[in-house]
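I opened this entry to note the fold, the overall dimensions and one side chain. What I looked up follows in the order I checked it.

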Amino acid sequence: MKKTVIQVMKMITKLNKSMIWVVGVLVFFASIFLFIDVLLRYFFNSATAWAFDLAVTSTGFIGFMLGGYALAIGQHVRVDLFYEKFSLRVRSIIDLISALFLFLMAGALFWLGMDYVIHYYTIGAVTTGGVPMPLWIKWLMVPLGGLLIGLQGLVKLTNDIYIIVTGEELYNSEEGV
């Protein structure tokens, strides 16, 4: 059982850590397209119709898709001034209490994001920018981001409970997959 739990924790962490590469590729291509758009606008007075939409959507995608990654590598928000002075067990108790807020946020992102996705899918709404695209696709990043954060939160919660009970770590997502 313990081995299976660790394998699931590793898979979730690997999924979240792989998002850095997905987002990195997106940023690379978005930068190239925006650079070309600036050149076209500056030298030929003819900008593309879709470059601004790409930049805005990319920015949202980056923010939502990397929340789970930040949690996996321990770069999320907390007050380290006090936190680092506590024992591993006390830190886990604090994390257990703060997990409530993490799951509230992740649940809200997932639930409300899915509400928008379903609504926009149902009414057939499309973007009004340069390239008409179904709006539900653009909004899909919100519930996906909530899901990634929530899954990584489950990894952290499982590890924290194990630490509180046994005094040792079950799995450390910050060390690698």
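I counted the secondary structure first: the protein has seven helices and zero strands. Read from the N terminus, the order of elements is α-α-α-α-α-α-α. I then checked the radius of gyration, which is 20 Å, whereas the globule rule gives 16 Å for 177 residues; the value is well over the rule, so the protein is more spread out than a compact globule. I note that the model is a predicted one.

Dimensions came next. I find that the C-alpha trace spans about 65 × 40 × 30 Å along the principal axes.

I looked at burial and surface together. Of the 177 residues, 27% are buried. The protein exposes about 11200 Å², and 73% of that area comes from carbon and sulfur atoms.

For contacts, I took the pairs at least 6 apart in sequence and asked what share joins residues at least 24 apart. The share is 73%.

Is Thr13 buried or exposed? Its relative accessible area is 0%, and the cut-off for buried is under 20%, so Thr13 counts as buried. I also looked for a side-chain partner of Thr13 and found a polar contact of 3.1 Å with the side chain of Gln152.

How values were computed. Residues are numbered from 1 along each chain as its sequence is written. This is a predicted model: local features need pLDDT of at least 70, side-chain atom pairs count only at pLDDT 80 or more; totals for chains, interfaces and linings use all residues. Side-chain values use heavy atoms; hydrogens and water are left out. Helices (H or I, at least four residues) and strands (E, at least two) are DSSP runs, numbered from the N terminus. The radius of gyration is taken over C-alpha atoms; the globule rule is 2.2 Å times the number of residues to the power 0.38. Buried means under 20% relative accessible area, exposed over 50%, partly exposed in between (1.4 Å probe, protein chains only). Contact means heavy atoms within 4.5 Å. Accessible areas come from the Shrake-Rupley method with a 1.4 Å probe; for residues, only the protein chains shown count as cover. A polar contact is a pair of N or O atoms within 3.5 Å; within protein, one must be able to donate a hydrogen and the other to accept it, and residues adjacent in sequence count only if both atoms are side-chain atoms.
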